[in-house]
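Below are some notes for a colleague who is opening this structure for the first time. Please keep the model in view while reading the numbered points.

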Amino acid sequence: MDIVGPLPRSSRGHKYILVILDYATRFPEAIPLRTATGKAVARELFLLFSRVGIAAEILTDQGSCFMSTVLKAMCGLLKVKQVRTSVYHPQTDGLVERFNHTLKQMMRKMIETDGKDWDQLLPYLMFAIREVPQASTGFSPFELLYGRRPRGLLDLAKETWERQPSRHSTVIEHVEQMHLRMSRIWPMVRENMQQAQQAQARVYNRGAQDPPEVTLGKQLTGHQIQDLRELLDRNRDVFSKLPGRTSIIAHHIATEPGKKVRLRPYRIPEAQRDTIREEAKEKTAFVTPDGLFQYRVLPFGVHGAPATFQRLMDQVLRPHQKYAAAYLDDIVVHSADWETHLGRLEAVLGPSGRQA
């Protein structure tokens, strides 16, 4: 469960969207809110419970509306366990965060078309999302929740073409058919979920594995590829698998005297745990399930670290600012012809790369 907004105020005064997602079926709910308060969230959550039943537990971030006494009291009354994500660690609720990203992209199109009536168009948008099969389960959220396929726009078109009315059955036949469908569906759902989880695990641990060789563009000719391979061989140390260090710039962290900072354990990919355990635990700065550790180089998670890294890259590329620029760890080198481009790549990767 999460809050999206603030959005442009609709003609009915809505500015926020309460997003609720069922982890088992991936069935989403998007409810427009005028204010993102604990009272409003508790009211809409109870209305949802009245339709689908009371949840055993809910996962939220530590936003003020989810930490309110009103929501806490309602969850205590209904015996609903509240689980919260760690501060600045939204990966814990990654399913909802990913859905929020998709919802925002679709909402942007609606707001551009009719910015004052986006809350009225939200149910149509949710219907479209619910009837689309999910990559992880292989079935639509609607089908997993209700045990049948939704009768959507494509079904209407099919019925019109075939001139076949929908089949009707008794309540008993409908319940038996639904149980039969669900008994066939859930083994396939589990298999699809396992495959999706394995794919997600590979993506999550990808940063802990050995980096691949430098990828060259497919549009290059054989002669150009050979030139680039020779250039890379001459500057192979720039593409080291181990992180380097620089003294060109330093990052300063200002903290309040005497103030203690307490954080929950930070999740570490399984592929990195053995490496971390081998290092000395005297480097204390952040909490993990295996103890306290400290970075020896500047991590991007520190406040202001991206800005410091950007200043470093600007300083490193200053001699080449006419033809090279950086956005954090992405460097672009532009040239009018191939020979000039090779020379500029040599200049950037040579002295500048070793200096950094």
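1. The largest nonpolar core has 21 residues, and L18 and V41 have the most contacts inside it. A nonpolar core here is a set of buried Ala, Val, Leu, Ile, Met, Phe, Trp, Tyr and Cys residues joined through side-chain atoms within 4.5 Å. Two strands, β2 (16-21) and β3 (28-33), and two helices, α1 (38-52) and α2 (69-78), each supply at least two residues of this core. The most comes from α1, which gives 6 residues.

2. Some conventions apply throughout. The model is predicted: local features need pLDDT of at least 70, side-chain atom pairs count only at pLDDT 80 or more, and totals for chains, interfaces and linings use all residues. Residues are numbered from 1 along each chain as its sequence is written, and side-chain values use heavy atoms, with hydrogens and water left out. Helices (H or I, at least four residues) and strands (E, at least two) are DSSP runs, numbered from the N terminus. Buried means under 20% relative accessible area, exposed over 50%, and partly exposed in between (1.4 Å probe, protein chains only).

3. How many salt bridges are there? The count comes to 5, a salt bridge being a side-chain nitrogen of Lys or Arg within 4 Å of a carboxyl oxygen of Asp or Glu.

4. One of them pairs R12 with D117, with the closest N and O atoms 2.8 Å apart. This pair links distant parts of the chain: R12 is in the loop between β1 (2-4) and β2, D117 is in the loop between α3 (94-113) and α4 (118-130), and the two are 105 residues apart. R12 is partly exposed at a relative accessible area of 30%, and D117 is also partly exposed, at 25%.

5. R12 also forms a salt bridge with D119, and here the closest N and O atoms are 3.1 Å apart. With a relative accessibility of 5%, D119 counts as buried.

6. A further salt bridge joins E44 and R43, whose closest N and O atoms are 4.0 Å apart. E44 counts as buried at 16% relative accessibility, whereas R43 is partly exposed, with a relative accessible area of 45%. Through shared partners, salt bridges join R12, D117 and D119 into one network.

7. Helix α4 has 13 residues and reaches 18 Å from its first C-alpha to its last, close to the 18 Å expected at 1.5 Å a residue. The expected span of a helix is 1.5 Å times one less than its number of residues. Its buried residues are W118, D119, L122, L125, M126, I129 and R130. W118 and P8 are 110 residues apart in sequence, yet 9.0 Å apart in space, C-alpha to C-alpha. P8 lies in the loop between β1 and β2 and is partly exposed, with a relative accessible area of 44%.

8. Helix α8 (residues 222-234) also has 13 residues; the end C-alpha atoms are 19 Å apart, which agrees with the 18 Å it should span at 1.5 Å a residue. Which residues of α8 are buried? They are Q224, D227, L228, L231 and L232. Seen down the axis of α8, these buried residues fall within an arc of 135°, so they line one face of the helix. The arc is that of the directions from the helix axis to the C-beta atoms. On the other side of α8, G222, H223 and D233 are exposed.

9. R26 lies in the loop between β2 and β3 and is buried, with a relative accessible area of 10%. K79 is in the loop between α2 and β5 (81-84) and counts as exposed at 69% relative accessibility.

10. V52, L145 and Y146 make a nonpolar surface patch of about 250 Å². Patches are made of residues with over 30% relative accessible area and no salt bridge, with like charges joined within 9 Å and nonpolar side chains (Val, Leu, Ile, Met, Phe, Trp, Tyr) within 5 Å. Accessible areas come from the Shrake-Rupley method with a 1.4 Å probe; for residues, only the protein chains shown count as cover. Y146 lies in helix α5 (residues 141-146) and is partly exposed, with a relative accessible area of 37%.
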